[in-house]
Amino acid sequence: MNPPSPAEGLERFLFCRRRRYAALGSVLCALLLLVMLWRIAQGEWDIPLSRVFHLLSPLLSEAEAKTPEALVVRAVRLPRVFAAMGTGGLLAVSGAVLQGLLANQLAEPYTLGIASGAAFGGAIGFFFTAFAVTPMAFAGALLSLALVSLIARRSGGGASHLVLAGVIANAVLSAGVTLLKAVADDKLGAIVLWLMGSLSGASPQGAISVWLGAAAVLIPAWLYGRSLDAVSLGEGQGELLGIDEKKLRFRLLCACSLAVALAVSRFGIIGFVGLVVPHILRSLIGPSHRPLLIFCFLTGALLLAGADGAAQRLGELPVGVITALAGGPFFCWILVKRK
Amino acid sequence: MNQSAFEFHDLSAGYGEKTILRELSGTIMPGEVTALIGPNGSGKSTLIKALGGFLPFTGRLALLGREVNQTPRRELGRLIGVVAQQANVKAAFTAYDVIGFGRLPHQPLLGRATAEDERAVLNAAERLGIEHLLFRPVTELSGGERQRVLLAMAVAQDAPVCLLDEPTSAMDPCQALRAFTLMKELAREGKTVVVVAHDINAALSCADSFIALRSGQIIARGRAADLSAAVLEALYDTPFIPYVSSRGDTVWHPVSSRS
């Protein structure tokens, strides 16, 4: 039998690729649905699934909507699971974008000092009033990115300079946060708890804001997906193909910073999602960004919704602790296995 | 007379404060393979980068009648296919995907590969003889195979100008010969090929003309057949002896100046 021609080989290759996307997408969507139902039905107070569906109906009467059961489902659990999904998706997508943009697989929202900037700003906010935390965290993230960009531009402007400047900013800002904790007195507890990251008490506004943040990074990154592919080949490779790398980097870095600042200011530091999820998915579906970004969103959403459930089950532990404790060893396992 | 592909006048370029190329003037003609030869650090790669508009420069540089520094990057992507000196590919795309990136300058922002793009990719892979590598991740390929993939990407780009910076440095002699033959074919199809190669004999086997660079200046230029021992000695500070093969080709060989 003759070997297949290149055109036939290509057709088979593309078919297999599409089939893999469809299989993974179906599994992720099914798991996400299961986790959502688990998070809404289970908790301190278990509610039967049939009742959950009834309570989630838009046709629920006004009187019934005010019952404690309905309030728990609609005002507490639903926003919390959506906040977890939005935050997880946002962090994973940002990680994938930053890794592609900087052609550096260690890049994630923390590498560029974005998250540390938000943590530093938010911690300062605690010294004023609880309402100042979110805007201050937001300002901290943007200021940190501006500083990192300035240092990178003055020192050459390449992706490697951005990562180096980010690492330095990260170290300085982390020291700044430690200093603030040392002088915080009675506010120390609140700062530490916020920094550890938690989704308990997520409001509908909080959930909506992280979904908007996720959209702000996912949509432009998906549109520029093919350019992101070329840039991720290595620094300068995109320029060879007619892509303005500096402009692309600026636009997508801004989108990522806004989104991550939004997530950190609302729910604190939640590590490892942005680093681990893109790595796992690249090994499953390859590095093409358009599918990668979609699957990153789904997996990040699934992972954080699950981790938040585990955190709650273990006595309302900070979800950042769960993601770091589970994500760290898992990441090491992937690295060793790949070698 | 044909319009020149590149026309440069008092062209100076470098990195930051350091100037490498000093007030070069000349033209590069279309439909020809032009070999850039010279010792290490003579400015060959810098000239390739300057011609591609990847470096800031002073002086005048026109590509097919257009001022390079006023041409948008995307337009340059359609006009120039480049193979850079460093063939590092960091992401594990398949060779098919990487060759397909050559079609990016022809696709709209929201676009995806069309049947024509797929044909161009398969055609480029066939010309480089890498159909069997198409569905393997480039990170798993050898250096020479990766160079063939990147050269195929430039072919798929289908730009009127190809700037190739040591595109065969990691290839075995047979594959290098195939690559140089392809360059000659591209030139016969009307494209302009500028190639940097340290293997002077391989480069001259396909080149129509040469530009000899030393210390950022053009010390000689002309038809490839007219390259002389004096020019090579002036370039490399080493005497070169020509041998004529049984097929009548001239092969240059450096000899120790003390022997």
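Modeller: A crossing is right-handed if the near helix is turned clockwise from the far one by less than a right angle, and left-handed if anticlockwise. This is a predicted model: local features need pLDDT of at least 70, side-chain atom pairs count only at pLDDT 80 or more, and totals for chains, interfaces and linings use all residues. Residues are numbered from 1 along each chain as its sequence is written, with chains lettered from A and ligands numbered from 1 in the order in which they are written.

Biologist: Which way does α1(A) pass α4(A)?

Modeller: Helix α1 of chain A covers residues 6-41 (helices are DSSP runs of H or I, at least four residues, numbered from the N terminus). Its axis and that of α4(A) come within 9 Å and cross at roughly 145° (axes are fitted to C-alpha atoms over the stretch in contact; angles run from 0 to 180 degrees between N-to-C directions). The crossing of α1(A) with α4(A) is right-handed.

Biologist: How many charged residues are in the contact of α1(A) with α4(A)?

Modeller: From α1(A) come Met36(A), Arg39(A) and Ile40(A). They meet Val73(A), Arg77(A), Leu78(A) and Val81(A) of α4(A) (contact: C-beta atoms, placed from the backbone, within 7 Å). Of these residues, 5 are nonpolar and none polar, and the charged ones number 2.

Biologist: How do α5(A) and α12(A) lie to each other?

Modeller: Helix α5 (residues 114-125) of chain A and helix α12 (residues 245-267) of chain A have axes that come within 9 Å and cross at roughly 40°. Under 35 degrees counts as roughly parallel, over 145 as roughly antiparallel, 65 to 115 as roughly perpendicular, the rest as oblique. So α5(A) and α12(A) are oblique.

Biologist: Which helix gives the most to the side of chain A that touches chain B?

Modeller: 23 residues of chain A are in contact with 28 residues of chain B. α1, α10 (225-231) and α11 (237-240) of chain A each supply at least two residues of that side. With 5 residues, the one that gives the most is α1(A).

Terms used. Two residues are in contact if their C-beta atoms, placed from the backbone, lie within 7 Å. Ala, Val, Leu, Ile, Met, Phe, Trp, Tyr, Cys and Pro count as nonpolar, Asp, Glu, Lys and Arg as charged, and the others, Gly among them, as polar.
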